[in-house]
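Please load the model in your viewer and keep the selection panel at hand.

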Amino acid sequence: MLLLALDVLTRVLVRVRSPRAVPAEILSVVRERWPWRRLRPVLVGLVAFYVTYVAYRNLKHYLPLLRPGLVDDELAGTDRALTGGVAPAEVLHDLLGTGIAAHVLSWFYLAFLIFVPASLGLALVLRGRAGHACWYVTALCLNWALGTASYYVLPSRGPIYAEPELFSDLPETGVSRLQDSLLLSRLIVLGDPQGTERLNSIAAFASLHVSIIFTAALIGQFALGSIAVRAALWGFFGLTVVATIYFGWHYLLDDVAGLAIGAISVLLAAWGTGQFRGRRKPVRGPDESGVAGARERRRSLRRHPQAAPSPLTAGGGPASRTEADQVAG
């Protein structure tokens, strides 16, 4: 609603000439920018995303009750086998330190909580990108669904809860406070599942922080023209991957699985929303058809220029009609 309001009000402020004309101008801009045929897919996208997300949260909540056995020891052993017997988090602590780096990485990790709804809203509100918005929203929904399935395949808590001593040197940050809060919620849920409104939100395999930001960066690489925005997305992705290991949210295999989920979600969503048919027959939103039609007509004229009529065909006889049919073809 905030993004829709910004889209309308910025145009009203440019056009309006007196305060008394503001209400009428708002109605005019709303009718022009957000007719029902354009608002409807935005609402469908929002509902689809949040219904999927609520289902994800609920299924994640019941994970420790339905799958009490944990595989943290196996995942930790795989980590140490890949990093020469040392926990990957300890390697990062030695390399980056446990001071300023912790606060910087904490900020980027928590930015995910704003990034997801903000990127969703921007994708749906930006004009002329209905096809890409459909692709992105579908990919996000697939991330939640596949991520939920991965939790049940390999239930785990993550290094911060399985081996908290590895992270005792880290300073207090927003991430550490969040980790403490999630652990408290999990203990309350396990102690009295029916008597609390708290949710369990702890699950390590696979990393949906990694999968969702990888999804955004991958779709942005194909859909966005701005090099700066694409570079920012990839930079955000890289820092998030580091933060998941640094703070002990995930094991290395969790991040690898997150990459796989992100890639699969992007490909399945591209297939489901017709992106693979884009070169041959693009899937366009209601606001794109007019512009696209004009472009197609211009390209057609460049491919089949109309020749000046010759003296033999200037009279409009059969030859003239044949030439016109060829141009139309």
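**The largest pocket**

Begin with the largest pocket, in which about 620 Å³ of space lies. A pocket here is an open set of points on a 1 Å grid over the protein atoms alone, where a 1.4 Å probe fits, with protein on both sides within 12 Å along at least five of seven lines, and lining residues have an atom within 4 Å of a point. Grid points are joined across faces, edges and corners, and a volume is the space filled by probe spheres set on the points. This is a predicted model, in which local features need pLDDT of at least 70 and side-chain atom pairs count only at pLDDT 80 or more, while totals for chains, interfaces and linings use all residues. Residues are numbered from 1 along each chain as its sequence is written, and side-chain values use heavy atoms, with hydrogens and water left out.

Select Tyr 53, Lys 60, Phe 112, Leu 113 and His 209, which lie nearest the centre of the pocket among the 27 residues that line it. Two or more lining residues come from each of α3 (36-61), α7 (100-110), α8, α9 (130-153), α11 (174-191) and α12, and the largest share, 6 residues, is that of α3. Helices are DSSP runs (H or I, at least four residues), numbered from the N terminus. By class, the lining has 21 nonpolar, 3 polar and 3 charged residues, where Ala, Val, Leu, Ile, Met, Phe, Trp, Tyr, Cys and Pro count as nonpolar, Asp, Glu, Lys and Arg as charged, and the others, Gly among them, as polar.

**α3 against α9**

Next, show α3 and α9, which pack at an angle of about 10° with their axes 9 Å apart; axes are lines fitted to C-alpha atoms, for helices over the stretch in contact, and angles run from 0 to 180 degrees between N-to-C directions. The two helices α3 and α9 are therefore roughly parallel to each other, given that angles under 35 degrees count as roughly parallel, over 145 as roughly antiparallel, 65 to 115 as roughly perpendicular and the rest as oblique. On α3, select Gly 45, Ala 48, Phe 49, Thr 52, Tyr 53, Tyr 56, Leu 59 and Lys 60, which meet Val 137, Leu 140, Cys 141, Trp 144, Thr 148, Tyr 151 and Tyr 152 of α9; contact means heavy atoms within 4.5 Å. This contact has 11 nonpolar, 3 polar and 1 charged residues.

**α9 against α14**

Among the contact residues are Trp 135, Leu 142 and Leu 146 of α9 and Ile 261, Ile 264 and Leu 268 of α14, and the contact as a whole has 10 nonpolar, 6 polar and no charged residues.

**α8 against α12**

Now move to helix α8 (residues 112-125) and helix α12 (residues 208-223), whose axes come within 11 Å and cross at roughly 40°, so that α8 is oblique to α12. Here α8 passes α12 in a left-handed crossing. Select Phe 112, Phe 115 and Val 116 of α8 with Leu 208, His 209, Ile 212, Ile 213 and Ala 216 of α12 to see the contact, which divides into 7 nonpolar, 1 polar and no charged residues.

Then step to the loop between α11 and α12, where Ala 206 lies; the peptide bond from Phe 205 to Ala 206 is cis, with omega near 5°.

The largest holds about 70 Å³ of space, and its lining includes Asp 79, Arg 80, Glu 163 and His 250. That lining divides into 8 nonpolar, 1 polar and 3 charged residues, and its largest share, 3 residues, comes from α5.

Finally, select Leu 63, Arg 67, Leu 70, Pro 155, Ser 156 and Arg 186, which line the second largest cavity, with about 30 Å³ of space.

Methods. Left-handed = near helix turned anticlockwise from the far one by under 90°.
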